[in-house]
Amino acid sequence: MTEIHWLAATAIMTGLFWMSYATPRFFVWGIPATLGNPRSDLPALPAWAKRAEAAHKNATENLVVFAPLAIGVVMLGLSSASTITLCSVYFFARFAHFVIYVMGIPVARTLAFAAAWLVTMLLGLTILGLL
């Protein structure tokens with residue numbers, strides 16, 4: 001696999017996260033309310049569903065930073081076994097972050113986030129020629 005493969009896998013995974021918190025809406029709010037416009041008078045969703053939505057938002061926000069760096073590494077001809085490994089670490093760290101966030105495990109969540117953040121920084125430093 002290449003950096004682009006790992007990026008595609010990460011983007012697909014991130015694009016599927018919404019399903020985890022959208023599904024409980026059908027059970028808690030019912031079909032009409034779920035398919036309707038947002039309303040403030042709807043019953044609260046389970047805490048894990050709220051965390052899943054927050055984890056999805058976080059994954060999306062971080063994908064915006066990771067993606068151009070992964071693409072940049074490839075476009076600049078800087079691809080190596082190390083950068084491919086970094087991109088795979090990013091994928092698994094983001095997956096772990098999502099699962100751990102949904103489970104509500106704060107310290108582990110931060111460690112998974114930090115691992116993905118470190119990958120992002122290392123890819124950026126690679127592009128800048130500092131690694």
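Q: Hi! What covers the buried residues of helix 6?
A: In this predicted model, the cover includes helix 4 (47-75) and helix 5 (81-103).

Q: And which residues of helix 6 are buried?
A: They are Ala112, Ala116, Val119, Thr120, Leu123, Gly124 and Thr126.

Q: Got it. How does the span of helix 6 compare with what 1.5 Å a residue should give?
A: The two agree: the 22 residues of helix 6 (residues 106-127) should span 32 Å, and the end C-alpha atoms are 32 Å apart.

Q: What follows helix 6?
A: Gly129 does, with a positive phi near 75 degrees.

Q: Switching to the surface: which residues form the nonpolar patch?
A: Phe26, Phe27, Val28, Ile31 and Leu35 form that patch, with about 540 Å² of accessible area together.

Q: Which helix gives the most to it?
A: Helix 2, with three residues. Helix 2 (18-28) and helix 3 (31-35) each supply at least two.

Q: Is Phe26 buried, exposed or in between, and why?
A: Phe26, which is found in helix 2, is partly exposed because its relative accessible area is 35%, between the 20% and 50% cut-offs.

Q: Zooming out, how many helices and strands are there?
A: The protein has six helices and zero strands. Its C-alpha trace spans about 55 × 30 × 25 Å along the principal axes, and buried residues make up 37% of the 131 residues.

Definitions and conventions: Residues numbered from 1 in each chain as written. Predicted model: local features only at pLDDT ≥ 70, side-chain atom pairs only at ≥ 80, totals over all residues. Heavy atoms only, no water. Helix = DSSP H or I, 4+ residues; strand = E, 2+ residues; numbered from the N terminus. Expected span 1.5 Å × (residues − 1). Buried < 20%, exposed > 50% of the residue type's maximum accessible area, 1.4 Å probe, protein only. Contact = heavy atoms within 4.5 Å. Patch = residues over 30% accessible without salt bridge, like charges linked within 9 Å, V, L, I, M, F, W, Y side chains within 5 Å. Areas by Shrake-Rupley, 256 points an atom, 1.4 Å probe, with all protein chains shown as cover. Salt bridge = Lys/Arg side-chain N within 4 Å of Asp/Glu carboxyl O.
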